Amino acid sequence: MIVVIDYGMGNLGSIANMIKKVGHKSIITSDLDEIKKATKLILPGVGSFDNGMKNLQERGMIEVLNQKVLVEKIPILGICLGMQLMTKTSEEGNLAGLGWVDAETKKFVSDTLKIPHMGWNIIKHQKSSQLFDELESEKRFYFVHSYCVSCNHQEDILTTTNYTHDFVSSFEKENIIGVQFHPEKSHKFGMSIIRNFAEKY
């Protein structure tokens with residue numbers, strides 16, 4: 001069962017709708033017992049880093065998620081803020097992140113380009129992954145973010161994207177996957193990502 005985690009941060013319905021479009025079922029829930037039963041997890045998110053971590057903490061989710069992700073090793077997909085929460089820290093706030101990936105979340109700085117980075121952009125592969133199976137050679141995804149992830153280990157980086165500089169647009173470490181873009185807003189490209197996550201992990 002795919003569980004979309006509801007911790008009060010994001011448009012969960014559009015993710016569930018895309019899962020349904022590609023022929024799979026999911027539930028949106030904040031119920032810890034339902035999360036414990038999940039075979040796959042999606043951690044979405046729109047908003048600030050500290051608010052995200054605070055909401056996970058207040059709902060008692062961190063211990064349950066650590067058990068599912070680090071001990072049981074079930075696949076988890078972090079989207080946008082969800083990806084950033086998987087890192088150790090963020091320049092956006094003061095709270096520690098989940099720390100599942102050795103990475104930090106940093107603010108975009110630019111004198112010439114608008115921040116946030118908003119709109120369609122391409123990704124460049126740094127390693128192969130089932131997540132991008134059967135997609136066309138030039139893959140375009142929809143981004144909306146003012147902060148980006150910086151990984152400390154090259155082997156964790158799945159794709160990069162250029163905006164002010166090359167940043168990590170997705171990472172994959174064992175069962176832990178994060179994407180900075182929004183699959184649910186990325187039409188056929190995003191549908192392929194969700195289908196591959198549902199069927200190949």
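**Figure 1. The surroundings of Leu 113 in a predicted model.** In this predicted model, Leu 113 touches Tyr 163 and Thr 164, where residues up to four places away in sequence are not counted and a contact means heavy atoms within 4.5 Å. Leu 113 is found in the loop between β6 (103-107) and β7 (117-122); here helices (H or I, at least four residues) and strands (E, at least two) are DSSP runs, numbered from the N terminus. At 37% relative accessibility, Leu 113 counts as partly exposed, a class that lies between buried, under 20% relative accessible area, and exposed, over 50% (1.4 Å probe, protein chains only). The C-alpha atoms of Leu 113 and Gly 190 are separated by 25 Å, and these two residues are 77 residues apart along the chain.

**Figure 2. The peptide bond between Ile 115 and Pro 116.** The bond that joins Ile 115 and Pro 116 is a cis peptide bond, with omega at about 10°. Pro 116 lies in the loop between β6 and β7, and Leu 113 is found in the loop between β6 and β7 as well. Most peptide bonds are trans.

**Figure 3. Lys 73 and its salt bridge with Glu 174.** The side chains of Glu 174 and Lys 73 meet in a salt bridge (2.8 Å, N to O), a term that stands for a side-chain nitrogen of Lys or Arg within 4 Å of a carboxyl oxygen of Asp or Glu. Glu 174 lies in the loop between β12 (165-173) and β13 (176-179) and Lys 73 in the loop between α4 (61-71) and β4 (76-79), so the pair ties together parts that are 101 residues apart in sequence. Glu 174 counts as exposed at 56% relative accessibility, whereas Lys 73 is partly exposed at 42%. The backbone of Lys 73 can be examined in this view too, for its phi is near 60°, a positive value in a residue other than glycine.

**Figure 4. The salt bridge between Glu 72 and Lys 68.** Here the side chains of Glu 72 and Lys 68 meet in a salt bridge (2.9 Å, N to O). Lys 68 counts as buried, with a relative accessibility of 3%, while Glu 72 counts as partly exposed at 39%.

**Figure 5. The salt bridge between Lys 124 and Asp 166.** The side chains of Lys 124 and Asp 166 meet at 3.3 Å, N to O, in a salt bridge. Lys 124 lies in strand β8 (residues 124-125) and Asp 166 in strand β12, so the pair ties together parts that are 42 residues apart in sequence. Lys 124 is partly exposed at 36% relative accessibility, and Asp 166 is partly exposed with a relative accessible area of 43%. In total, the structure holds six salt bridges.

**Figure 6. The backbone at Cys 80.** Cys 80 is found in the loop between β4 and α5 (81-85), and its phi is near 55°, a positive value in a residue other than glycine. Most residues other than glycine have a negative phi. At 7% relative accessibility, Cys 80 counts as buried.

**Notes to the figures.** Residues are numbered from 1 along each chain as its sequence is written, and side-chain values use heavy atoms, with hydrogens and water left out. In this predicted model, local features need pLDDT of at least 70 and side-chain atom pairs count only at pLDDT 80 or more, whereas totals for chains, interfaces and linings use all residues.
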